[in-house]
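This report describes how the chains of one model meet and how some of the parts within them pack. Please look over the sequence and the structure before reading on.

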There are 4 protein chains.
Amino acid sequence: MIRVAIIGATGYTAYESILILLRHPQAQVTYLTALPEECAPLTEVFPALQGRLDLPIEPVDLNKLAGCADVALCCLPHKVSMSFVPKLLAAGVKVVDFSADYRIRDVALYEKVYKVEHTDRENLARAAFGLPELFREKIVSAALVANPSCYPTAASLALAPLLKERLIDPADIYINAVSGVSGAGRKTALAFHFPEMNDNLFGYAVGTHRHMPEIEQILTQAAGQLVQVLFQPHVVCMDRGIGESIYCQPTGKITPAQLTDLYQAFYAREPFVRLLNKPPSTKNVAHTNFCDLYATIVKDKILVFSAIDNLIKGASGQAVQNLNIISGLPETMGLL
Amino acid sequence: MIRVAIIGATGYTAYESILILLRHPQAQVTYLTALPEECAPLTEVFPALQGRLDLPIEPVDLNKLAGCADVALCCLPHKVSMSFVPKLLAAGVKVVDFSADYRIRDVALYEKVYKVEHTDRENLARAAFGLPELFREKIVSAALVANPSCYPTAASLALAPLLKERLIDPADIYINAVSGVSGAGRKTALAFHFPEMNDNLFGYAVGTHRHMPEIEQILTQAAGQLVQVLFQPHVVCMDRGIGESIYCQPTGKITPAQLTDLYQAFYAREPFVRLLNKPPSTKNVAHTNFCDLYATIVKDKILVFSAIDNLIKGASGQAVQNLNIISGLPETMGLL
Amino acid sequence: MIRVAIIGATGYTAYESILILLRHPQAQVTYLTALPEECAPLTEVFPALQGRLDLPIEPVDLNKLAGCADVALCCLPHKVSMSFVPKLLAAGVKVVDFSADYRIRDVALYEKVYKVEHTDRENLARAAFGLPELFREKIVSAALVANPSCYPTAASLALAPLLKERLIDPADIYINAVSGVSGAGRKTALAFHFPEMNDNLFGYAVGTHRHMPEIEQILTQAAGQLVQVLFQPHVVCMDRGIGESIYCQPTGKITPAQLTDLYQAFYAREPFVRLLNKPPSTKNVAHTNFCDLYATIVKDKILVFSAIDNLIKGASGQAVQNLNIISGLPETMGLL
Amino acid sequence: MIRVAIIGATGYTAYESILILLRHPQAQVTYLTALPEECAPLTEVFPALQGRLDLPIEPVDLNKLAGCADVALCCLPHKVSMSFVPKLLAAGVKVVDFSADYRIRDVALYEKVYKVEHTDRENLARAAFGLPELFREKIVSAALVANPSCYPTAASLALAPLLKERLIDPADIYINAVSGVSGAGRKTALAFHFPEMNDNLFGYAVGTHRHMPEIEQILTQAAGQLVQVLFQPHVVCMDRGIGESIYCQPTGKITPAQLTDLYQAFYAREPFVRLLNKPPSTKNVAHTNFCDLYATIVKDKILVFSAIDNLIKGASGQAVQNLNIISGLPETMGLL
């Protein structure tokens, strides 16, 4: 039984991680921590968990943590995370980190995008990037896994086959993404107040979203060529779910059947990637760790549609997938 | 042309009032005010109004107000309102007040329920209660109208015919009310954060909601007998709309046909009360000033269903209805 | 490993049953059937199940069924169910039946309410009513379990403690119920077309809902006294969830603390009943088998709030709970 | 007072047209017709109109129509429309037609896209295309106006300034569009059943949507150069609203400030086009005739965001705008 601590246990990704682990046959939550000012009885923070998990949310005690956990799911915000993860690792606890701190390998890029100095370059250099479908072999032996962001997960799985095979122009890619509101976290804001957000759709972070460089890094690495994308996110009145529609320029002639073959070969052994013959629906991936893909050709352009649950394959499900991998458990355990 | 100032122009009731007045043929918004710290360009506060109304939201200037407005819609919170309304009246401006300050005629009750001393008993004594279907004759000549709350409007129109005719036990009435989220105002709260509120329903303020004594006051006055109700509100994932289902004990034998006749006679000349032959839908009254009613008999009990738009008949539409009355305009103007 | 057939596998209750069983450690779906005209590849009927369950939906073959299933979850409509269940039982397969056919013990009442002759009185007499919290001892040894309806589950769990202890007038009970749209099934109708149903709330089936006699039967049996209720359902723009607010007349003096003690004692060993200290939220029970309750006193009346997920504790979760019981498995297996 | 008949008065566009005309100071609905099998009391078809409009929905009688209407809003489906519009015109009634029959000027293209023979080429040749911001001068004197589709309205207003000024490559345009469900009409379908559609987003009609050639025709005509677009629609859990995010390749160097100037000059006198400095929200245009636009530059590409209410500026509001124009009324009358 793998014992799991959840650090920063007051947001949606912590909550979804708990839900998954409650059904996991070989892992169990043993410790919940938060900043002292956010600590409260678990059922106050998440009333839905009453009767399901009997743990307090406590200020973190590293000794206690080291004694009761094999792996930590670290749900802290960026900057806070890199001040804490080294201590977790030093205590002998493996870490799946949800923040941006170990995702961007290029320190200068990280510091430019996140406007903060990187204070843990040592572990950054050692961290595996936790997108198993593309980087599984590096995750297996990692002590620290940087869990990918939601948008980049959906985009990277959609584009990797095309870019690896050099079938599209790596500098002419448009990613139109639409997310449910939980992607913005659990902190209130007028824009997400129910009467404002209900029946609403809008774009945001035009040209500036921090997931744009993350997507480019993943795909550049996966494809072995420099990839540049135009990524535009939107938020819509859904709890959860991301739908991305991606427009690419083929480098040569390709048929829809060849596209289908390509994706089938690429993802033949991936349990969490499903290939459809029409655009996916976010509802069909809600509460699951699947990424649903559909690639086709329209007017000589390639369109790829990708759908995930931002909180599961885009966060907590993928984290448990990584936890399974680094713990030597079957990768799908607790996730199907 | 009646000139209208809106005092406290940053919330939903102010916004809906502006929308109605933009379409009103004989009234126009001339002045928008807010607390200094809330003042901002109108299109920042309400981006939807860009291109429709070209007024700033300014700190109030009583001289300016007196010069540019005949009527003020006062959308301030209780306690603030009664400190400001006397000045408006003294400046010769008629007032439709949205707060609780002039609604509860019994000062002791007001002070108990709202936990604040009443500081304007003089105007309280003179204020008309702005539910035209029940108290129109007193509104006509009033300088100050206390605009009713949303739940009480729906409940009182549903129950007044029965109570006036003494057809139900005035001490055995259950009002089950369900409201859209805009009823809670525009201030953010975790409970109303979209991912928390979407697909959600819950009761609140059990036994303590401030609209309970308001309902009792209205119905006691309308019926000429002491009325006591058990009022239980709920909030559900709708922008707007209130549905109330009301359970009463008949004092004698009554048939559904007699019920129908009663309501038809009672509301025969009321343009904003519609009588249905099945339970009303909140969507059918959304963005309208209608109150839809259906009364029937089940197992010897009387059930009355009532639906309004909490922001229109429950607030801004009724305010404009009152504004029309005190301004000598046709009561339905701008509202159908 | 308990092998489970799902009969009538095209609706929401079948779908939710499959989802639960996919995560159940000791049960597995082995056979899916439907009417010949409704048979289709599973992923056409439920695209979300792609990659999770590799079974066709076939016309039923009783021999095959007898060979591959220990228990059948029978999701057929009433009348169809009672023509088929006897064959299942004769084939040696235990049955949890979702229809009304084995719920109403009084044949005359059944025939009046459902307007159809009862054709399987023999099994009706033997069926256990599948509300484990009230009738567990009869379920244990049953070959046929009548799975309760959604509204009655929420209402009965809320009221049973009060009625068993004779603390309320059994003829003066108002049950105001609000349900998500999945309660109406998967068949399209204009009223449930998204643009009609979104942001909408309305009452229906006034005085005529078929769950009213079911509630009365359950509570009459549980309490050992004749119980009559006024049950009024509503539908609101939620996928799932039922919230009931129930108003009762105490027979004597009772304090809130006594109420709390009563419920705590009554449900002390029930893993799926949670007692709260404020009204429950439907979202907190969504996708769970919990029934959340809160009972209190307002103006000398007793109010009980009850919330369940209509598809889980109100249907498929409760069915698996019953399946566990009749299969000798721990009752909570696969459900927490 | 302009008298207006609504032909095919059972769908959403008819309903919204009625709502607008009820508030229109110089137009009034005088006649409502539908196919005989769809005729019913207006309040059965649209219960929300009870007390607001007292007209039956009748089978059409051309003589009666000619006697009571100056203009017909023809809300029939394509193919049916072109069999009926000639009779309306022959009867001396001006027509604003909501169908596709008079939108596509190229008969061969129409017949290919709509898979039906065009039977009224004469009026097709005379029809004005009812997008006033681009083709006002031809509408003024038209007896027949082809009211544009929803998606093309949003796309064309977004792109016209860039294409007219030849600032973008006319063959490298990606239009990602997301629509509320009312865009699919009032006919039920499983995909739009509330529990399926709620919290859902999906793409559809990949490469085949009939609005793609319409967009190309409008822009080719407006720009005087051949325009080809890749248009991809999606549907999301909103009642109403379209948000389009459009990606273009500039032909030369251009700054954001120049873009802003371009749009401001282009739409300086247009009351229904609003230029924002951030991406528009569909909620801010809901129930209005506005098209909100924001154009900017990201990574040397031009992004244009466009938002309309699909039922208003995308259908009924634009129809009334056209009705105003052909009736000699101020263009904004009843629409602000």
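Buried area is the accessible area, taken with a 1.4 Å probe, that two parts lose on being put together, summed over both. The size of an interface is often given as the accessible area lost when the parts come together. The model is predicted, so local features need pLDDT of at least 70 and side-chain atom pairs count only at pLDDT 80 or more, while totals for chains, interfaces and linings use all residues. Residues are numbered from 1 along each chain as its sequence is written, chains are lettered from A and ligands numbered from 1 in the order in which they are written, and side-chain values use heavy atoms, with hydrogens and water left out.

**Two interfaces of chain D**

Chain D and chain A bury about 3,400 Å² between them, and 59% of this lies on carbon and sulfur atoms. For chain D and chain C the buried area is about 1,700 Å², with 57% on carbon and sulfur atoms. Contact means heavy atoms within 4.5 Å. A salt bridge is a side-chain nitrogen of Lys or Arg within 4 Å of a carboxyl oxygen of Asp or Glu. A polar contact is a pair of N or O atoms within 3.5 Å; within protein, one must be able to donate a hydrogen and the other to accept it, and residues adjacent in sequence count only if both atoms are side-chain atoms.

| Interface | Residues in contact | Salt bridges | Residue pairs in polar contact (both at pLDDT 80 or more) |
|---|---|---|---|
| Chain D and chain A | 44 residues of chain D, 44 residues of chain A | four salt bridges | 24 residue pairs |
| Chain D and chain C | 19 residues of chain D, 19 residues of chain C | two salt bridges | 10 residue pairs |

Between chain D and chain A, one of the salt bridges joins the side chains of Asp172(A) and Lys301(D), at 3.5 Å from N to O. Strand 8 (residues 168-179) of chain D supplies the largest share of the side that touches chain A, six residues. Helices (H or I, at least four residues) and strands (E, at least two) are DSSP runs, numbered from the N terminus. By class, this side of chain D has 22 nonpolar, 13 polar and nine charged residues. Ala, Val, Leu, Ile, Met, Phe, Trp, Tyr, Cys and Pro count as nonpolar, Asp, Glu, Lys and Arg as charged, and the others, Gly among them, as polar.

Helix 9 (residues 194-197) of chain D gives the most to the side that touches chain C, with four residues. That side of chain D divides into 10 nonpolar, five polar and four charged residues.

**Within the chains**

In chain D, the axes of helix 8 (residues 150-164) and helix 11 (residues 256-266) come within 10 Å and cross at roughly 110°. Axes are lines fitted to C-alpha atoms, for helices over the stretch in contact, and angles run from 0 to 180 degrees between N-to-C directions. Helix 8 of chain D and helix 11 of chain D are therefore roughly perpendicular to each other. Angles under 35 degrees count as roughly parallel, over 145 as roughly antiparallel, 65 to 115 as roughly perpendicular and the rest as oblique. The contact of these two helices of chain D has nine nonpolar, no polar and one charged residues.
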